[in-house]
Amino acid sequence: MRNENIEKAARLLIELVDNLTDGESLGAPASSKIRNIFDNHVESHGGSVRLACAFLAAYSVIDSDWDFSSVPTGVRGKYGDKLLAGELTFRHVTFHKSITAFGENLGWKGAVRQFDLSKDTRFSEFLSDLKSLSEQDRKSLVNHIAWRLQSSRVVPQALPPLPSSYLSYARSLYLCEKLIAIPSEGHIQQFLVAAFIEVHRKRFGHRVVTHHPHASDKFDGTKGDIEEFRDHDLVAAYEVTVRDDWKNRLADFGKKVSEGGLPKYVIFASNVRSDSELHPAAKLIEFVERLSFDLAIVDLTDFFSVFCTELHREEIGEAFNRAYELLSDPRLCGRDDLIKKYRAVTDEWLES
């Protein structure tokens with residue numbers, strides 16, 4: 001029978017890293033005494049020992065019966081060391097130095113019960129200190145380790161630091177128009193909108209979260225492709241679409257407004273200005289007057305016209321790179337074909 005605690009420990013660390021990447025807090029920071037148990041120990045070690053220590057700390061939180069000296073059964077393979085290393089590498093974490101399987105690298109083969117980590121100088125001091133901690137302190141240490149992992153991320157960027165002339169209003173809007181014209185099943189369009197809103201709302205301390213473009217709102221309980229929070233309160237939800245069938249979902253949007261307690265619902269869509277039902281505003285009034293909620297329908301090009309005006313040039317560059325980061329995130333997309341198309345457009349724009 002598979003030791004399911006192995007996968008739970010790996011996924012605990014992955015989830016905490018994701019939470020931090022999404023801008024969430026993991027609570028009060030660990031004390032320096034607790035932090036140093038990990039930081040001082042891993043400082044002089046390579047990627048395999050570093051990641052093994054991170055895993056064992058998480059495992060100690062998951063499996064209360066673990067003895068702090070044996071190698072947990074099942075640590076090697078797709079549910080353990082390979083899962084953790086692979087998912088961290090996908091997330092651009094560098095702390096583990098891109099090793100692919102710490103258990104395999106450390107020689108934990110076959111009958112792992114023959115290994116005694118308390119006598120292994122690579123782990124003995126760390127595990128002795130880990131064992132001395134209370135359960136709450138071990139959880140606090142795992143949160144700290146997750147932050148160490150997350151803070152080591154080196155995220156690929158589409159644009160280097162640029163002279164301000166590159167990011168004039170006209171050139172920025174031109175790049176937006178080129179990017180949203182890429183056929184991407186809505187991925188690039190959604191991430192670009194999310195990035196521009198996120199960079200703008202940072203001014204007000206708001207947190208913006210974007211979801212997988214193909215995720216079902218019904219199952220995950222979200223109120224839109226993009227959600228905006230003040231502290232933990234939802235203050236706005238946005239739908240981004242390049243399809244024409246969004247008009248069939250008006251009842252669904254109304255339900256989200258009601259459930260989320262939102263003042264209005266906002267849709268960013270293609271071809272709004274060429275739609276005789278939606279433009280000019282007199283026609284839009286006729287379209288929305290049958291609804292029981294306030295609905296804003298904004299053409300994608302209008303959105304970027306406004307935000308390229310509102311954002312400073314440095315913020316615009318940040319938004320283009322943030323959209324590229326979202327596109328590269330395996331949780332949201334990670335498709336090589338779309339990443340290459342995004343880079344091709346930005347590279348061409350840089351030389352124009």
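How many bridges join strand β4 to β5, and do these strands run parallel or antiparallel? In this predicted model, strand β4 (residues 265–269) is joined to β5 by 5 bridges, and the two run parallel. Within this pairing, alanine 269 has aspartate 299 in β5 as its bridge partner.

The pair belongs to an open sheet of 5 strands, ordered β1-β2-β3-β4-β5, whose pairing is mixed. β1 and β5 (295–299) each have a single partner strand and stand at the edges, so one side of each is left without a neighbour in the sheet. On average, neighbouring strands of this sheet are turned by 20 degrees against each other, direction ignored.

Helix α9 (residues 187–201) lies across β1, β2, β3 (233–241) and β4, and runs at about 170 degrees to β1. Helix α11 (residues 250–260) lies across β3, β4 and β5, running at about 140 degrees to β4.

Turning to another part of the chain, serine 69 is located in the loop between α3 (47–62) and α4 (81–90). Its relative accessible area is 17%, and serine 69 is therefore buried, the cut-off being under 20%. Apart from neighbours within four places in sequence, serine 69 is in contact with Phe115, Asp116, Leu117 and Ser118.

Technical notes
Residues are numbered from 1 along each chain as its sequence is written. This is a predicted model: local features need pLDDT of at least 70, side-chain atom pairs count only at pLDDT 80 or more; totals for chains, interfaces and linings use all residues. Side-chain values use heavy atoms; hydrogens and water are left out. Helices (H or I, at least four residues) and strands (E, at least two) are DSSP runs, numbered from the N terminus. Buried means under 20% relative accessible area, exposed over 50%, partly exposed in between (1.4 Å probe, protein chains only). Contact means heavy atoms within 4.5 Å. Two strands pair if DSSP finds at least two bridges between them. Axes are lines fitted to C-alpha atoms, for helices over the stretch in contact, and angles run from 0 to 180 degrees between N-to-C directions.
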